Every structure is written in C-alpha cells, then in structure tokens.
Amino acid sequence: SSAVGGAAMANPSAAGGMEAAALLEAEAAKAAGNGALAGGRAEEALSHYGTALEILAQNGAATARATEPAGALRLAIYLNTARAWMVSGDAVSAVAACNKALRLDPTSEKGLYRRAQAHAALGQRALAEQDLEKLLEAHPDNAPAETLLAQ
C-alpha cells in the first residue's frame with residue numbers, strides 16, 4: 001500500500017534499517033505486478049513480485065516482521081503472488097506463497113482465505129476447512145469464508 005511507502009519515506013528507520021529508496025523500489029515493482037495482474041497478465045505479475053521480493057531480500061528485509069514496513073510489504077507481495085498463481089492455475093504454488101505469508105502473519109485474513117481456496121482447488125477439503133475455521137476464529141465476520149466453508 002502507499003501508506004507503507006509513505007511511512008518509510010518520511011522515516012527511513014521505520015523500514016527496520018532498510019534504505020527508504022529500496023523500500024520504494026520494491027513497492028514500485030509490487031505496483032507493476034498489481035497492474036499486470038489486474039490486466040490478466042499473471043505471469044508478468046509473478047515476475048514483478050519476484051523482483052520486489054529480491055529487492056527486499058538484498059536490502060536486509062528477509063527477516064522483517066509483518067509489523068514493520070518491509071515485512072508488511074513482503075506479506076502483501078506473498079499474498080498477491082498467491083493470487084497470481086491461482087489465476088495462472090497453479091494452486092500448489094499458491095499454497096506455497098500463502099505459507100510464506102502465514103509465517104509472517106499466522107492469522108492473515110487473505111492468507112488463510114487464499115490458501116483455503118488453493119486447497120479446495122487441489123481437492124484437499126480437510127485442509128481448506130482447517131484454514132477457513134482458523135480464519136473465522138480470528139475474523140468472525142468474514143462472509144466469503146463462511147460461504148466457502150458451506151460449499
């Protein structure tokens with residue numbers, strides 16, 4: 001989100017020691033990926049997301065927590081990567097991307113929902129139900145999760 005980039009620009013130390021310019025560069029790569037995904041170009045989006053993650057890793061953000069700007073950006077990129085994998089029909093890779101997101105934030109609403117969708121696409125009903133139940137425990141008002149669980 002632009003709030004992440006804006007916070008880092010106003011306070012470079014907010015990035016957990018990461019250079020503000022690198023955080024903005026990673027944010028721009030994520031935005032390019034989002035544009036590609038919105039345009040139906042999932043493979044291009046995945047390339048941009050990979051670039052963004054590489055920038056973050058090269059600048060010491062590989063261990064940033066989800067509560068830090070660089071960690072929040074990593075979380076968003078993993079979640080968007082999972083969506084792009086689903087759009088491209090690769091539910092196994094979507095699960096892997098969600099797993100990375102959920103290591104950063106174990107109760108991520110999007111992470112649990114997208115992983116449940118991927119598990120469902122793979123015919124792994126029990127795993128999908130576990131994710132949806134965990135999601136609803138943390139976010140009881142999530143109507144799409146309730147709908148998916150009822151299917």
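Mentor: This is a predicted model. Start with arginine 115, which has a relative accessibility of 18%. Buried means under 20%, so arginine 115 counts as buried.

Trainee: Which helix holds arginine 115, and which residues beyond its neighbours within four places in sequence is it in contact with?

Mentor: Arginine 115 is found in helix H6, residues 109–121. Once its neighbours within four places in sequence are set aside, the contacts of arginine 115 are Val95, Cys98, Asn99, Leu102 and Asp131.

Trainee: With which residue does arginine 115 form a salt bridge?

Mentor: Side chains of opposite charge can pair when their charged atoms come close. For arginine 115 the N to O distance in the salt bridge is 2.6 Å. The partner is aspartate 131.

Trainee: How many residues apart in sequence are the parts that this pair ties together?

Mentor: Arginine 115 lies in helix H6, while aspartate 131 lies in helix H7, residues 125–138. Both arginine 115 and aspartate 131 are buried. The pair therefore ties together parts whose separation in sequence is 16 residues.

Trainee: Arginine 125 also forms a salt bridge; what is the distance between the closest N and O atoms?

Mentor: Arginine 125 and glutamate 129 both lie in helix H7, 4 residues apart, which is about one turn of the helix. Arginine 125 is partly exposed, at 31% relative accessible area, and glutamate 129 counts as partly exposed at 28%. Their closest N and O atoms are separated by 2.9 Å.

Trainee: Which residue forms a salt bridge with glutamate 44?

Mentor: Glutamate 44 has a relative accessible area of 33% and is partly exposed. The closest N and O atoms are 2.6 Å apart, and the partner is arginine 41.

Trainee: How many salt bridges does the structure hold?

Mentor: Those of arginine 115 with aspartate 131, arginine 125 with glutamate 129 and glutamate 44 with arginine 41 are among them. The total for the structure is 4.

Trainee: Are H3 and H4 roughly parallel or roughly antiparallel?

Mentor: The axes of H3 (residues 42–58) and H4 (residues 69–87) come within 9 Å and cross at roughly 160°. Angles over 145 degrees count as roughly antiparallel. H3 and H4 are therefore roughly antiparallel.

Trainee: How do the residues of the contact of H3 with H4 divide into nonpolar, polar and charged?

Mentor: H3 contributes residues including Leu46, Tyr49 and Leu53, and H4 contributes residues including Leu73, Arg74 and Ile77. The division is 14 nonpolar, 2 polar and 1 charged.

Technical notes: Residues numbered from 1 in each chain as written. Predicted model: local features only at pLDDT ≥ 70, side-chain atom pairs only at ≥ 80, totals over all residues. Heavy atoms only, no water. Axes fitted to C-alpha atoms, helices over the stretch in contact; angles between N-to-C directions. Helix = DSSP H or I, 4+ residues; strand = E, 2+ residues; numbered from the N terminus. Parallel < 35°, antiparallel > 145°, perpendicular 65-115°, else oblique. Contact = heavy atoms within 4.5 Å. Nonpolar A, V, L, I, M, F, W, Y, C, P; charged D, E, K, R; others polar. Buried < 20%, exposed > 50% of the residue type's maximum accessible area, 1.4 Å probe, protein only. Salt bridge = Lys/Arg side-chain N within 4 Å of Asp/Glu carboxyl O.
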